[in-house]
Amino acid sequence: MKDYVELRNGGYYIAGKRVSLDSLVYAFRDGESPECIRQSFSTLTLEEVYGGIAFYLANREEVDQLILQDEIAFENERRAQQAADPEWYARMDAARAEMLVSTK
């Protein structure tokens, strides 16, 4: 039997590729078909996409927990960065708001 997913650097990846399983899972959760996911990741074969999805479905609780941990860590880091330089983030928020107003 072929292994489509491997554990590397604390996360799951499509075996032999640089594509994280998380990437496939987010697309799958958003309702994208395997064929559509394949188009988004040109280094993967359709077989690898299906293999990744099958792995996710068979290990959903574990994979979802790892994804949640990554999301929490990302959010904590984002908040720490924002707290370290609130003026910069305020300027970026103002610039973003200005862009939204000017495009309407």
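**Terms and their grounds**

Tutor: Leu 100 has its place in helix α5 (residues 86-102). The model is predicted, so local features need pLDDT of at least 70 and side-chain atom pairs pLDDT 80 or more, while totals for chains, interfaces and linings use all residues. Residues are numbered from 1 along each chain as its sequence is written, and side-chain values use heavy atoms, without hydrogens and water.

Student: What makes a stretch a helix or a strand, and how many of them are there in the chain?

Tutor: Helices are DSSP runs of H or I with at least four residues, strands are runs of E with at least two, and both are numbered from the N terminus. On that basis the chain has five helices and two strands, in the order β-β-α-α-α-α-α.

Student: Why is the chain called more spread out than a compact globule?

Tutor: The globule rule is 2.2 Å times the number of residues to the power 0.38, and the radius of gyration is taken over C-alpha atoms. For 104 residues the rule gives 13 Å, whereas the chain has 18 Å, well over that value; the chain is therefore more spread out than a compact globule. The C-alpha trace spans about 55 × 30 × 20 Å along its principal axes. The C-alpha atoms of Leu 100 and Ile 14, 86 residues apart along the chain, are separated by 37 Å.

Student: Why is Leu 100 called exposed?

Tutor: Buried means under 20% relative accessible area, exposed means over 50%, and partly exposed lies in between (1.4 Å probe, protein chains only). Leu 100 has 53%, so it is exposed. Asn 9, in the loop between β1 and β2, has 77% and is therefore exposed as well. Of the 104 residues of the chain, 21% count as buried.

Student: Why is the pair of Phe 28 and Tyr 56 called edge-to-face?

Tutor: The structure holds three aromatic pairs. Rings of Phe, Tyr and Trp (its six-membered ring) pair if their centres lie within 6.5 Å; planes under 30 degrees apart count as stacked, over 60 as edge-to-face and the rest as tilted. The centres of Phe 28 and Tyr 56 are 6.2 Å apart and their planes stand at 75°, so this pair is edge-to-face.

Student: What makes this pair a tie between parts of the chain?

Tutor: Phe 28 lies in helix α1 (residues 21-29) and Tyr 56 in helix α3 (residues 46-58), so the pair ties together parts that are 28 residues apart in sequence. Tyr 56 counts as buried, at 2% relative accessibility, whereas Phe 28 is partly exposed, at 25%.
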